[in-house]
Structures are given as structure tokens and as C-alpha cells.
Amino acid sequence: MGKLIKPNYLGKTMADIKESIYRELVSITNGHVTREPEELCCYSYDATGRFFLPHAVVFPAVSHEVAEIVKIAAKEGIPLIPRGSGSGMTGGSLPVKGGIVIATSRMNRIIEIDDETLVARVEPGVITGNFHHAVEKKGLFYPPDPASSSFCTIGGNLGECAGGPRAVKYGVTRDYVLGLEAVLPSGNIINTGVKTAKGVAGYDLTRLIVGSEGTLAIVTQATLKLLPLPEAVKTMAALFPSIHKAASAVSSIIKDAVIPRCVEFLDRSSIACVRDRFGFHVPDDIEAILIIEVDGSCGVVEEDGKNLETFCVKKGANRVITAADKAEASTLWAARKALSSALFRMAPDKINEDIVVPINRIPEMVLRIERIQKRTGLPVVSFGHAGDGNIHCNIMYDKRYKDAQNLAESAVDELFEATLELGGTITGEHGVGITKMKYLPREIRENELKIMRGIKAVFDPGNILNPGKIF
């Protein structure tokens, strides 16, 4: 476990928080607030393994409660940290300067699913997977599908502009957000965007807030675009004896074959971690697996599946296995989604980076990752959404040993350097948070950063909303 850091905002300690402020929070939320140390611990960490204690955690149920909490914080200069399920990979929901965590777990209503206009309205605490199931019961489809969809929230997805395997065909969260209700750091409630397919009146505040990691406003409702549910889906696994052949296949599938809805990539180390979960035998000489999925009408899916199977074999696959039904497809995806936790079989600690490169540079990126692994002697496990160039690189190490910690950090430096050299970006869906702050100026120049800081200052002149993130 990492070191637990006690809260400290504006030089104050936990004991300095006014009793009157706590009583106001109790009144606003009808008692849904805590400052008990053992309960605060539950909101002090995320998937980074870092820990920062907040001063209090509040659980508002409606937007006007959020607005009242924000007004108190603005008056007193208390940091506010919006939080969904705490599944983030870069520390976006950590109370690094103490303050009040606004947990959205009680704001979990699916307000409306309109199957005529293909629009839904939801609150930020809705679990993404629950939303998937709800719209699919109505014959509709919400494409964004982060690997943590069974427990992450729509609000967290909005904050990080989450993607997922289906992004290669359907895009990411921002492509499905039509409008927002949000609370500004002043406590004012705003409504952005439209409920229609088009709308260009004024600046696009919706897209500005989506992906802002909770630093500009606290989202209290979202209007989301839906699609008709595809008639059929075909899931297959292509087994390659060479990681380079698999990488080459990824970079040319879309150009030379069909547009799949998913192309997931697993390297040899990834396969070893979940070999017993695929539902079929994976020979020891297999170095990479591509999980490929196509959707559409039954006829199109059958034809696309056959074309992809032929294409993968032509590109060097030893075998292509097609899931016979939904159960087999679910087993295959369960193996993929189990990877993050299964990696700890290799080492007790990891640094998880989500780089993106142009898909035609994936083969070269694979070579660069192999060089990093060879230089450091640390396992660097690669998997992810290769269909859009988004590779999750997991550097495995034991932080009890200083040499290993230094090597891991140098591996991150080298990984980002290679990514930017190949025309990529240091984060595709995890955000910047606190873990990538020092690397941001390598990708974004000072003039552009100055504009971003200016936007933050306009929205949040007191810097109370999720301070210490991104910049």
C-alpha cells in the first residue's frame, strides 16, 4: 500500500474545518455526509495506488444539492473533488489538496430513454454497464465501452472522455454527448448543448467540459446519443506466432479488409496471464492474439467475418477461432477484461500507460516497447485497443526496490518519447490527472497550455474544483 497523505488545503489541517461548515453539509444532504476517518479512507485512493485523505465526503442526490455544496466551498476556499467509482488510472479523483469529495453514487438515475429520438438522459452516478443493459433492452445501443464498464460511472467516463474497444468504429464518449447539466465553481447551474443531431449555436461548451477531468464543472446530468442495436455481432480470435505479424495485421485490417467494431491486441505476456480463461487452447508458441469483432446485419456480419478470417491467415495467423454464440464471446471478452488484475501475478506493482500512435506505426511502436523491456529488464506487458492505435503498456516492477522504481520511471520516459516521435499522444483515454502532469509539456506547447490555463481561470478563478490536476 502507498503512503496515506493527510489532507492539507490552504495550510489548514482536518481539525481546522469549521464545525458550522460540516453542519451545513449535513443539512443540505439530509445527513449524507461523513468525516469518519475509516470512511474517508475509502475515498482516498484510485487505481493508481496513491492515497490522499479528504476532509469530508458528501453524497448529494440532486443538482441543487451539488450547487449549494459548491457555493459553500467557493466562499470558504475549500477544494472540491468530483468522484464516481474511483476506477481512474491517473489520479483524477484523488483529493491531493484535501477538501470535500463529492461522491455521485446517489445520483444514479437513468431519467429517460427515448426510443423515438434515440436520446437518453442520465445522472453521473449511473454505472456504465447498467446503462448498456437498459438501452439494449429497448433495442438501442450506447457504444462507449471502457474495460471497467461493470463498475465505472457515466460521470467518470465524461470526465476522462473514456473510449474502449468499440472506439475504432464508433468513437469515444464525447461523440455521444449531446448536452450537459453542470454546476460551475460559482455554484451556478448551466445547461449546454442540444437534444438534436445538429446544433452549432455558440461555442461548444459541452465538448469543452467532456474530458476536462472535473476541473471546469461538476456534471449533474448528461443527454446522450443512442444508436439502433446492431442485428448481429461476430467475435473471433486470431492467433499469431509473431507479435510483429499481429501488429502488421492490425495496421492494415481497416485499410485492406473491413472496418471492425473492435480490434484488441494481446502480447505474449498478456496471454500467459489469462491463458486459462479464453475458453480454448492457446499453444505455447503463440506470441499475440487479436480479438476482432464485427457487427451489422446478419448477412454483412457473415461476409465480413469470412473476409477477416481469410485476411488474418494471409497475414500470418496460425488459426482464427470464431465464437459460436454469445456465451463463447463473453468468455473471450472476460479474459481480456481480467488482464489488468491478472498482471499482478508477474509483479506486485505496475505503471499503466495508455499511449496512442497512428495505426500504421503500431509495428514500429511494438519494436520500441521491446527495446525498453530489453534495456530495463522489466516486463512491459502490452494489450489494448489496437484498432485505433491505443496500446496499454504495463510496466511491471517491485517498488520496494529503489533500482526497480528508477528503472520503471525511466521506462515511462522512454515510452512517451517514442510515442511522440511516432506522431502519437501520451494518453488516449485515461487522462492526465496527476501521474502525467510532468509529461504534458512534452506534447503540448506553452502557448497552447497558456490558453488551457486561461480557460481554467475563467471557469474557476478560485481554483477550488479538482485542483492539482492536469497542469
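Trainee: Why is D413 called partly exposed?

Mentor: Its relative accessibility is 26%. Buried means under 20% relative accessible area and exposed means over 50%, with partly exposed in between (1.4 Å probe, protein chains only). The value of D413 falls in between, so D413 counts as partly exposed. This is a predicted model, in which local features need pLDDT of at least 70 and side-chain atom pairs count only at pLDDT 80 or more, while totals for chains, interfaces and linings use all residues. Residues are numbered from 1 along each chain as its sequence is written, and side-chain values use heavy atoms, with hydrogens and water left out.

Trainee: What makes D413 and R442 a salt bridge?

Mentor: The term needs a side-chain nitrogen of Lys or Arg within 4 Å of a carboxyl oxygen of Asp or Glu. The closest N and O atoms of D413 and R442 are 3.7 Å apart, so the pair meets the cut-off. D413 sits in helix α14 (residues 402-421) and R442 in helix α15 (residues 440-443), so the bridge ties together parts 29 residues apart in sequence. Helices (H or I, at least four residues) and strands (E, at least two) are DSSP runs, numbered from the N terminus. R442 has a relative accessible area of 45% and is therefore partly exposed.

Trainee: How many salt bridges does the structure hold?

Mentor: There are 25. One of them joins the side chains of R166 and D145 at 3.7 Å, N to O. That pair links distant parts of the chain, 21 residues apart: R166 is in the loop between α5 (154-160) and α6 (167-170), and D145 in the loop between β9 (140-141) and α5. Both R166 and D145 are buried.

Trainee: Why are R453 and E446 both called partly exposed?

Mentor: R453 is at 37% and E446 at 42%, so each value lies between the two cut-offs. Their side chains meet in a salt bridge of 2.9 Å, N to O.

Trainee: Why is H385 called buried?

Mentor: Its relative accessible area is 2%, which is under 20%, so the word applies. H385 belongs to strand β19 (residues 380-385).

Trainee: Which residue makes a polar contact with the side chain of H385?

Mentor: The side chain of H392, at 3.5 Å. A polar contact is a pair of N or O atoms within 3.5 Å; within protein, one must be able to donate a hydrogen and the other to accept it, and residues adjacent in sequence count only if both atoms are side-chain atoms. Contact in the wider sense means heavy atoms within 4.5 Å. Leaving aside residues up to four places away in sequence, H385 touches several residues, including R336, N390 and E429.

Trainee: What is the order of the open sheet of four strands?

Mentor: The order is β2-β4-β6-β5, with mixed pairing. β2 (33-34) and β5 (80-83) are at the edges with a single partner strand each, so one side of each has no neighbour in the sheet.

Trainee: Which residues cover the two faces of β5?

Mentor: L80 and P82 are on one side, I81 and R83 on the other, and all are buried.

Key. Pairing = 2+ DSSP bridges.
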